[in-house]
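Please look over the sequence and the structure below before reading on. The report that follows goes through the confidence, the helices and the aromatic rings in turn.

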Amino acid sequence: MADLVLRERLVTHGLAGRYGGFVRVGGLLALIGAVLFGMTLAGGHPERAWQAFHWNWLFFTGLTGGSVALVAVHGVAAFRDRALVDGWMDGMAGWARAWAEVGGPEPVRLA
C-alpha cells in the first residue's frame, strides 16, 4: 500500500513540475554554443569547429540510441520495475519532442 501511495505522489509531483528555468538555461547555453561555433568557423581553423561538431553529434546520437535500445530491451525482457523504464522512456520522448521543435526530424512513436 505504501508503494502505491508513493507512486501516486511521484506521478503527481512529476507532472506538476516547473521546467521554465531549465528551458531558459538550455536556450542560453545553446545560444552560447552557436556563437562559439560561429567564432571558431570564422577563426583560422574552421576544420577544428567541424571536428568538434561531428564529435559531439556522434557522442550525443550514440547516447540517445543507447537509451532507446535500453528501453526496448527492458520492454522485450519484461523488466519488473516498469516505472523505471516508463520514466526513462518519458525522458527520451521529451528530448525527441525538443529536437523536433528546433527543426530536427519527427520523433519516432514507440507506443
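## Confidence in the model

The quantity called pLDDT is the predictor's confidence in each residue, on a scale from 0 to 100. This is a predicted model, and the mean pLDDT of its protein chain is 78, with 68% of the residues reaching 70 or more.

Within the protein chain, confidence is highest in helix α2, at a mean of 92, and lowest in helix α4 (residues 82-101), where the mean is 64. Where pLDDT is low, the predicted coordinates should not be read in detail.

## Helix α1

Helix α1 runs over residues 2-15, and at 1.5 Å a residue its 14 residues should span 20 Å, which agrees with the 20 Å that separate its end C-alpha atoms. This helix is hardly covered, since the count of buried residues among its 14 residues is zero.

## Leu-41 in helix α2

Leu-41 belongs to helix α2, which covers residues 20-42. Leaving aside residues up to four places away in sequence, Leu-41 touches Pro-46, Ala-49 and Trp-50.

## Aromatic pairs

How many aromatic pairs does a search of the whole structure find? The search finds five aromatic pairs. One of them joins Phe-37 and Phe-53, whose ring centres are 5.8 Å apart and whose planes meet at 45 degrees, so the pair is tilted; an angle between 30 and 60 degrees is what places a pair in that class. This pair links distant parts of the chain, because Phe-37 lies in helix α2 and Phe-53 in helix α3 (residues 46-76), 16 residues apart. Phe-37 is partly exposed, with a relative accessible area of 26%, and Phe-53 also counts as partly exposed, at 36% relative accessibility.

Another pair is formed by the rings of Phe-59 and Phe-60, with centres 4.9 Å apart and planes at 80 degrees, so this pair is edge-to-face, given that planes over 60 degrees apart are classed in that way. Phe-59 counts as partly exposed at 48% relative accessibility, and Phe-60 counts as partly exposed at 47%.

Methods:
Residues numbered from 1 in each chain as written. Predicted model: local features only at pLDDT ≥ 70, side-chain atom pairs only at ≥ 80, totals over all residues. Heavy atoms only, no water. Helix = DSSP H or I, 4+ residues; strand = E, 2+ residues; numbered from the N terminus. Contact = heavy atoms within 4.5 Å. Expected span 1.5 Å × (residues − 1). Buried < 20%, exposed > 50% of the residue type's maximum accessible area, 1.4 Å probe, protein only. Phe/Tyr/Trp six-rings, centres within 6.5 Å; stacked < 30°, edge-to-face > 60°.
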